[in-house]
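Here are a few notes to read alongside the picture. Go through them one at a time, and find each residue as you come to it.

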Amino acid sequence: MVEQEVVRRIRVLAEAGWGHKRIAREVGVARNTVRCYLRAGSAAGIRSIGSLYYLFYALNHGVPETLARQLVPLVLTVVAVSIVVHGISVTPLMQRYERGHSEDDTAHG
(Lines give C-alpha, C1' and ligand atoms only; values in the text may rest on other atoms or scores of the structure.)
Protein backbone atom coordinates (compact mmCIF):
# COMPACT_ATOMS: atom_id res chain seq x y z
CA MET A 1 0.00 0.00 0.00
CA VAL A 2 1.21 3.51 -0.86
CA GLU A 3 1.61 6.07 1.93
CA GLN A 4 -1.11 8.72 2.22
CA GLU A 5 1.36 11.55 1.49
CA VAL A 6 2.37 9.87 -1.79
CA VAL A 7 -1.29 9.47 -2.78
CA ARG A 8 -1.92 13.13 -2.01
CA ARG A 9 1.09 14.13 -4.13
CA ILE A 10 -0.10 11.95 -7.02
CA ARG A 11 -3.45 13.75 -7.01
CA VAL A 12 -1.94 17.22 -6.72
CA LEU A 13 0.48 16.60 -9.60
CA ALA A 14 -2.30 15.16 -11.77
CA GLU A 15 -4.50 18.19 -11.12
CA ALA A 16 -1.56 20.38 -12.15
CA GLY A 17 -1.59 18.65 -15.54
CA TRP A 18 1.27 16.19 -15.11
CA GLY A 19 1.04 12.92 -17.05
CA HIS A 20 0.97 9.51 -15.37
CA LYS A 21 4.50 8.61 -16.45
CA ARG A 22 5.98 11.86 -15.13
CA ILE A 23 4.08 11.51 -11.83
CA ALA A 24 5.27 7.92 -11.44
CA ARG A 25 8.91 8.99 -11.88
CA GLU A 26 8.51 11.94 -9.52
CA VAL A 27 6.98 9.98 -6.61
CA GLY A 28 8.75 6.66 -7.25
CA VAL A 29 5.81 4.35 -8.02
CA ALA A 30 4.66 2.36 -11.05
CA ARG A 31 2.51 4.08 -13.70
CA ASN A 32 -0.32 1.61 -13.00
CA THR A 33 -0.25 2.65 -9.34
CA VAL A 34 -0.72 6.27 -10.40
CA ARG A 35 -3.68 5.31 -12.62
CA CYS A 36 -5.25 3.25 -9.85
CA TYR A 37 -5.12 6.02 -7.24
CA LEU A 38 -6.34 8.68 -9.65
CA ARG A 39 -9.29 6.53 -10.70
CA ALA A 40 -10.19 5.82 -7.07
CA GLY A 41 -10.21 9.49 -6.01
CA SER A 42 -11.81 11.23 -8.98
CA ALA A 43 -13.35 14.62 -8.12
CA ALA A 44 -13.80 14.04 -4.41
CA GLY A 45 -10.79 13.24 -2.27
CA ILE A 46 -10.47 10.19 -0.08
CA ARG A 47 -11.67 12.09 3.00
CA SER A 48 -14.80 13.25 1.18
CA ILE A 49 -15.56 9.72 0.07
CA GLY A 50 -15.02 8.51 3.63
CA SER A 51 -17.33 11.21 5.01
CA LEU A 52 -20.08 10.22 2.60
CA TYR A 53 -19.58 6.52 3.34
CA TYR A 54 -19.95 7.02 7.09
CA LEU A 55 -22.91 9.35 6.63
CA PHE A 56 -24.76 6.72 4.61
CA TYR A 57 -23.65 4.02 7.04
CA ALA A 58 -25.16 5.99 9.93
CA LEU A 59 -28.37 6.65 7.98
CA ASN A 60 -28.77 2.96 7.19
CA HIS A 61 -28.04 1.81 10.74
CA GLY A 62 -30.64 3.66 12.74
CA VAL A 63 -29.42 7.17 13.43
CA PRO A 64 -32.40 9.13 14.80
CA GLU A 65 -34.28 11.15 12.18
CA THR A 66 -33.71 14.46 13.96
CA LEU A 67 -29.97 13.87 13.95
CA ALA A 68 -30.05 12.67 10.33
CA ARG A 69 -31.76 15.93 9.30
CA GLN A 70 -28.79 17.81 10.79
CA LEU A 71 -26.04 15.48 9.58
CA VAL A 72 -26.97 15.29 5.88
CA PRO A 73 -26.73 19.01 5.06
CA LEU A 74 -23.69 19.42 7.31
CA VAL A 75 -21.69 16.62 5.67
CA LEU A 76 -22.74 17.58 2.13
CA THR A 77 -21.79 21.21 2.77
CA VAL A 78 -18.39 20.29 4.19
CA VAL A 79 -17.66 17.99 1.24
CA ALA A 80 -18.75 20.63 -1.30
CA VAL A 81 -16.69 23.38 0.37
CA SER A 82 -13.68 21.05 0.51
CA ILE A 83 -13.90 20.36 -3.22
CA VAL A 84 -14.24 24.07 -4.04
CA VAL A 85 -11.37 25.16 -1.76
CA HIS A 86 -9.13 22.43 -3.13
CA GLY A 87 -10.00 23.42 -6.68
CA ILE A 88 -9.16 27.06 -5.99
CA SER A 89 -5.94 26.40 -4.08
CA VAL A 90 -4.29 23.58 -6.03
CA THR A 91 -3.02 25.63 -8.99
CA PRO A 92 -1.27 28.39 -7.00
CA LEU A 93 0.17 25.85 -4.57
CA MET A 94 1.51 23.65 -7.36
CA GLN A 95 3.05 26.68 -9.10
CA ARG A 96 4.80 27.60 -5.86
CA TYR A 97 5.94 23.98 -5.40
CA GLU A 98 7.31 23.81 -8.96
CA ARG A 99 9.12 27.17 -8.57
CA GLY A 100 10.81 25.84 -5.46
CA HIS A 101 11.91 22.68 -7.27
CA SER A 102 13.19 24.58 -10.32
CA GLU A 103 15.25 26.83 -8.01
CA ASP A 104 16.68 23.72 -6.30
CA ASP A 105 17.56 22.20 -9.68
CA THR A 106 19.28 25.42 -10.77
CA ALA A 107 21.29 25.63 -7.55
CA HIS A 108 22.44 21.99 -7.81
CA GLY A 109 22.83 21.93 -11.61
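**Notes on the fold**

1. Read from one end of the sequence to the other, the pattern of this protein is α-α-α-α-α. That makes 5 helices and 0 strands. Keep in mind that this is a predicted model. Of its 109 residues, 19% count as buried. Contacts across the sequence matter for your reading too: among contacts with a separation of 6 or more, 52% join residues 24 or more positions apart.

2. Start with H1, which covers residues 4–15. Just after the helix sits glycine 17, with a positive phi of about 100°.

3. Now look at how H1 meets H2. Their axes come within 10 Å and cross at roughly 145°, and the crossing is right-handed. On the H1 side, the contact uses Val6, Arg9, Ile10, Leu13 and Ala14, while H2 brings Ile23, Glu26 and Val27. Sorted by class, that contact has 6 nonpolar residues, 2 charged ones and no polar ones.

4. Which residues make up the largest nonpolar core? There are 7 of them: Ile10, Leu13, Trp18, Ile23, Ala24, Val27 and Val34. Two elements, H1 and H2 (20–27), each give two or more residues to this core, and H2 gives the most, with 3. As background, nonpolar side chains tend to be buried together in soluble globular proteins.

5. Pick out valine 34, a member of that core. Skipping neighbours within four places in sequence, valine 34 is in contact with Ile10, His20, Ile23, Ala24 and Val29.

6. Finish with arginine 31, which is found in helix H3, residues 31–41. Is arginine 31 buried, exposed or partly exposed? Its relative accessibility is 40%, so it counts as partly exposed, the class between under 20% and over 50%. Leaving out residues up to four places away in sequence, arginine 31 touches His20, Lys21 and Ala24.

Definitions and conventions
Residues numbered from 1 in each chain as written. Predicted model: local features only at pLDDT ≥ 70, side-chain atom pairs only at ≥ 80, totals over all residues. Heavy atoms only, no water. Core = buried A, V, L, I, M, F, W, Y, C linked by side-chain atoms within 4.5 Å. Buried < 20%, exposed > 50% of the residue type's maximum accessible area, 1.4 Å probe, protein only. Helix = DSSP H or I, 4+ residues; strand = E, 2+ residues; numbered from the N terminus. Contact = heavy atoms within 4.5 Å. Axes fitted to C-alpha atoms, helices over the stretch in contact; angles between N-to-C directions. Left-handed = near helix turned anticlockwise from the far one by under 90°. Nonpolar A, V, L, I, M, F, W, Y, C, P; charged D, E, K, R; others polar.
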